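Let's take a walk through this model together. Have the sequence and the 3D view open, and follow along.

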Amino acid sequence: MAPSSSLSKLKVQLKLSISRLRMVQQKDTAIAKQQRRQMAHLLEQGKEESARIRVENIIRSDITTELLEILELYCELLLARIGLLEPKECDPGLEEAIRSIIHAAPRTDVKELQQARQLLVEKYGKDFALEAIENTDGKVAERVVKKLKVEPPDAVLVDLYLKEIAKTYGVEWPRAHSKRQNESDEEDDDDPSGGQVVKSLEEPLTTEELTKATPPRDLGPKSPVSIAPPSPSTDNLSPRVKLPGPPELKPTAKMSGLKKQTPSTQAESGAKAEDADDRGKIGVGGKIPDVDELARRFAALKK
């Protein structure tokens with residue numbers, strides 16, 4: 001019953017260790033992003049020395065995150081092969097994982113992992129644990145030992161980190177090359193000939209050549225009103241600028257009636273107009289009387 005109870009406790013601690021290791025990795029990753037943003041701000045301000053010192057903390061944090069990821073994989077391996085932990089002797093296929101956890105767990109802040117380590121020490125004995133802690137037989141994973149080393153990062157690694165941070169946040173770095181280029185440009189401006197005789201300038205253009213030349217398109221007064229094209233959106237992928245034009249004239253009733261007239265109706269209306277003109281010219285009695293006709297009518301009235 002004792003082995004089974006210890007294995008059940010170990011199984012629970014391994015599960016807790018896996019979840020806790022993942023949470024710590026996510027937290028460290030979020031903090032590292034904020035630190036990278038601060039490094040980019042320092043590089044933008046030109047504080048390169050301060051950035052070089054602070055970037056070492058980012059490198060150390062990344063190394064620790066990688067170590068926690070390795071230990072998480074070892075915990076998953078032990079949890080998957082929990083049945084092989086029943087014998088008193090350590091299984092050769094799990095020896096590297098067990099020794100690495102015993103060796104590296106005290107260097108982490110994960111309490112669940114330290115409790116799992118304590119259960120492994122109780123199971124395999126103090127001698128086994130001492131060999132794993134001191135790594136006398138070299139069976140601890142080499143990448144775990146390398147991640148646990150406390151030493152300043154290489155200058156090449158620091159430069160690579162700074163270049164990657166500057167590239168990610170769009171900061172121009174390193175600026176030494178640009179400064180040297182500006183200094184060389186200033187020296188060229190001071191002595192443009194380079195010690196050689198400068199050739200005379202080109203002859204000015206004649207009037208005939210100037211008359212043949214085409215004027216630039218942007219010559220002349222520009223309109224004070226400028227219309228910016230609308231930006232594309234999901235509703236309208238190809239927007240176009242629509243300028244206000246003259247209003248469209250709709251046909252009235254008279255215009256539509258005139259359009260509907262046929263040639264025969266037009267002829268009839270013309271004839272009616274001529275008759276109206278003739279009637280206007282004729283008097284009340286019919287035709288307009290002459291002077292003689294009026295004299296005769298007057299003489300008849302006297303009789």
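How are helix 3 and helix 5 oriented relative to each other: roughly parallel or roughly perpendicular? The axes of helix 3 (residues 92–104) and helix 5 (residues 126–134) come within 8 Å and cross at roughly 75 degrees, so the two helices are roughly perpendicular. For the record, axes are lines fitted to C-alpha atoms, for helices over the stretch in contact, and angles run from 0 to 180 degrees between N-to-C directions. Angles under 35 degrees count as roughly parallel, over 145 as roughly antiparallel, 65 to 115 as roughly perpendicular and the rest as oblique.

Before going on, a word about what you're looking at. This is a predicted model, where local features need pLDDT of at least 70 and side-chain atom pairs count only at pLDDT 80 or more, while totals for chains, interfaces and linings use all residues. Residues are numbered from 1 along each chain as its sequence is written, and side-chain values use heavy atoms, with hydrogens and water left out.

Back to that crossing. On the helix 3 side you'll find E95, I98, R99, I102 and H103, and they meet F128, A129, E131, A132 and I133 of helix 5; contact here means heavy atoms within 4.5 Å. Sorted by type, the residues of this contact are 6 nonpolar, 1 polar and 3 charged. Ala, Val, Leu, Ile, Met, Phe, Trp, Tyr, Cys and Pro count as nonpolar, Asp, Glu, Lys and Arg as charged, and the others, Gly among them, as polar.

Now zoom out. The protein has 12 helices and 0 strands, where helices (H or I, at least four residues) and strands (E, at least two) are DSSP runs, numbered from the N terminus. Of its 303 residues, 22% are buried, and buried means under 20% relative accessible area, exposed over 50%, partly exposed in between (1.4 Å probe, protein chains only). Among contacts between residues at least 6 apart in sequence, 72% join residues at least 24 apart.

Q13 counts as buried because its relative accessibility is 14%. Apart from neighbours within four places in sequence, Q13 touches E112, Q115, A116 and L119.

Next comes another crossing. Helix 2 (residues 48–80) and helix 7 (residues 155–168) pack at about 95 degrees, with their axes 10 Å apart, so this pair is roughly perpendicular. Here A51, R52, V55, I58, I59 and D62 of helix 2 meet L157, V158, D159, Y161, L162 and I165 of helix 7. That contact divides into 9 nonpolar, no polar and 3 charged residues.

Y124 and F128 form it, tilted, at 5.3 Å centre to centre with 40 degrees between the planes. (Rings of Phe, Tyr and Trp, its six-membered ring, pair if their centres lie within 6.5 Å; planes under 30 degrees apart count as stacked, over 60 as edge-to-face and the rest as tilted.) Both Y124 and F128 are buried.

Last, some backbone details. N135, in the loop between helix 5 and helix 6, has a positive phi of about 55 degrees although it is not a glycine. Further along, a cis peptide bond joins W173 and P174, with omega about 5 degrees, and P174 lies in the loop between helix 7 and helix 8 (176–190).
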